[in-house]
Amino acid sequence: MFAVDYNQLCWSTPDGFELENIRLRVPQGSFFGLLGPQGCGKTALLRLTMGLLRPQAGTITVLGNDSVIGSRSVRRQCTYAPASLCGEAALDSRLRVREYLAGSMSLRARVDHSRIAELCHLFHLDMHEKLAHLDDPERKRLMLIMALLPEPALILLDEPSLYLTSPERQLLFEQLKALHENGSTVFFTTRSVIELCRYTTHCALMTGGSIICGGETAQLDILRSHRVTVSVREGADELAAVLGVRNYTQADDSISFFYTGEMDRLVKLLSQLEVLNLRIENPTLESAMAAWHIMGGNEHAQTV
């Protein structure tokens with residue numbers, strides 16, 4: 001079963017940006033992350049999923065409902081927190097936080113005032129404040145609380161870490177993990193490989209309006225691609241052969257490359273050389289993209 005099924009989805013803007021032949025399945029009950037750079041189409045994909053935009057070709061099936069024909073049913077069963085309020089429905093500035101959240105919750109479930117108070121306290125949001133007085137970070141937290149309030153079948157979050165402090169980010173994912181363990185499917189977009197590896201069961205990588213690969217997070221080696229820069233006293237030109245790497249860059253006595261293998265093996269190989277300097281960087285979006293290209297661009301391509 002799939003919570004969301006994108007079948008040859010196409011959509012474009014007047015200025016020429018395209019989502020091209022998107023084929024992607026989000027397993028029901030998964031904790032799913034969509035990784036990609038800013039402007040690659042992640043936001044448009046989520047808005048299409050919620051029926052806020054209409055596909056120009058192809059279909060999106062959400063919890064068994066067509067995203068266009070069954071958009072009302074989709075919105076009853078799903079919650080959605082946008083990355084920003086730009087392009088979304090305007091907030092009624094006359095309302096206070098607790099009134100807005102209670103009204104939103106009443107559309108999907110019985111209003112739980114104690115849950116509203118709990119989440120507002122956890123995310124440091126004054127529930128008695130008027131919406132007109134909220135700044136952008138506070139509005140972002142308001143949208144996240146709104147998505148967390150009921151226990152929806154599917155939670156969609158666009159760049160949920162945006163504007164959050166590190167403790168707030170950890171708190172958010174703790175709340176999402178609890179909902180996931182209770183049966184909700186969580187689907188969020190991000191630019192952080194660390195978030196994918198730490199929290200998700202499944203993921204996909206998106207760039208330039210296309211899904212380029214995906215699968216179970218634990219099985220995608222590109223997410224464990226470290227940028228390694230190593231300097232040796234002599235023999236830098238032979239170092240790549242010793243380490244068994246390709247697509248590297250060389251400068252004087254050092255080489256730089258992306259490594260997806262076991263760290264123990266790398267350390268053992270380096271111990272055989274006279275290393276002057278070594279830098280190993282944590283996996284990033286850039287390193288994941290580079291590793292995908294190095295591996296021929298075909299790791300679990302297109303369909304999760």
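Me: Buried means under 20% relative accessible area, exposed over 50%, and partly exposed in between (1.4 Å probe, protein chains only). Is Ser 287 buried or exposed?

Reply: Ser 287 counts as buried, because its relative accessibility is 2%. This is a predicted model, where local features need pLDDT of at least 70, side-chain atom pairs count only at pLDDT 80 or more, and totals for chains, interfaces and linings use all residues. Residues are numbered from 1 along each chain as its sequence is written, and side-chain values use heavy atoms, with hydrogens and water left out.

Me: Where does Ser 287 lie?

Reply: In helix H10, residues 285-294. Helices (H or I, at least four residues) and strands (E, at least two) are DSSP runs, numbered from the N terminus.

Me: And what is Ser 287 in contact with, leaving aside its neighbours within four places in sequence?

Reply: Ser 225 and Phe 258. Contact means heavy atoms within 4.5 Å.

Me: OK, Ala 218 next. Is that one buried or exposed?

Reply: Ala 218 is exposed, because its relative accessible area is 61%. You'll find Ala 218 in the loop between strand E10 (210-216) and strand E11 (226-232).

Me: How far apart are Ala 218 and Thr 61 in space?

Reply: 26 Å, C-alpha to C-alpha. In sequence, 157 residues separate Ala 218 from Thr 61.

Me: Let's do helices. Which residues of H3 are buried?

Reply: Val 97, Tyr 100, Leu 101, Ala 102, Ser 104 and Met 105.

Me: What do the buried residues of H3 pack against?

Reply: Two helices, H4 and H5.

Me: Start with H5. At roughly what angle do the axes of H3 and H5 cross?

Reply: At roughly 35°. H3 covers residues 97-106, H5 covers residues 136-148, and their axes come within 10 Å. Axes are lines fitted to C-alpha atoms, for helices over the stretch in contact, with angles from 0 to 180 degrees between N-to-C directions.

Me: Which residues meet there?

Reply: From H3 come Val 97, Tyr 100, Leu 101 and Ser 104. They meet Leu 142, Met 143, Ile 145 and Met 146 of H5. By class, this contact of H3 with H5 has 7 nonpolar residues, 1 polar and no charged ones. Ala, Val, Leu, Ile, Met, Phe, Trp, Tyr, Cys and Pro count as nonpolar, Asp, Glu, Lys and Arg as charged, and the others, Gly among them, as polar.

Me: And how do H3 and H4 lie to each other?

Reply: The axes of H3 and H4 (residues 113-122) come within 10 Å and cross at roughly 125°. H3 and H4 are therefore oblique to each other. Angles under 35 degrees count as roughly parallel, over 145 as roughly antiparallel, 65 to 115 as roughly perpendicular and the rest as oblique.

Me: Which residues make that contact?

Reply: Val 97, Arg 98, Leu 101 and Ala 102 of H3 meet His 113, Ile 116 and Cys 120 of H4. The classes are 5 nonpolar, 1 polar and 1 charged.

Me: What about H5 and H6? At roughly what angle do they cross?

Reply: Roughly 15°, with the axes coming within 11 Å. That makes H5 roughly parallel to H6. Arg 141, Leu 144 and Leu 148 of H5 touch Glu 168, Leu 172, Gln 175, Leu 176 and Leu 179 of H6 (residues 166-181). The contact of H5 with H6 divides into 5 nonpolar, 1 polar and 2 charged residues.

Me: How many residues are in the largest nonpolar core?

Reply: 47, and Leu 101, Leu 142 and Leu 176 have the most contacts inside it. H5 gives the largest share of this core, 7 residues. Another core, of 30 residues, lies apart from it and includes Cys 40, Leu 53, Tyr 80 and Leu 156. A nonpolar core is a set of buried Ala, Val, Leu, Ile, Met, Phe, Trp, Tyr and Cys residues joined through side-chain atoms within 4.5 Å.

Me: Now the backbone. What is the phi of Gln 8?

Reply: Positive, about 50°, although Gln 8 is not a glycine. Gln 8 sits in strand E1, residues 2-12. With a relative accessible area of 46%, Gln 8 is partly exposed.

Me: And what is the phi of Glu 159?

Reply: Near 45°, also a positive value in a residue other than glycine. Glu 159 is in the loop between strand E7 (154-157) and H6.

Me: Buried or exposed?

Reply: Glu 159 counts as buried, because its relative accessibility is 11%.
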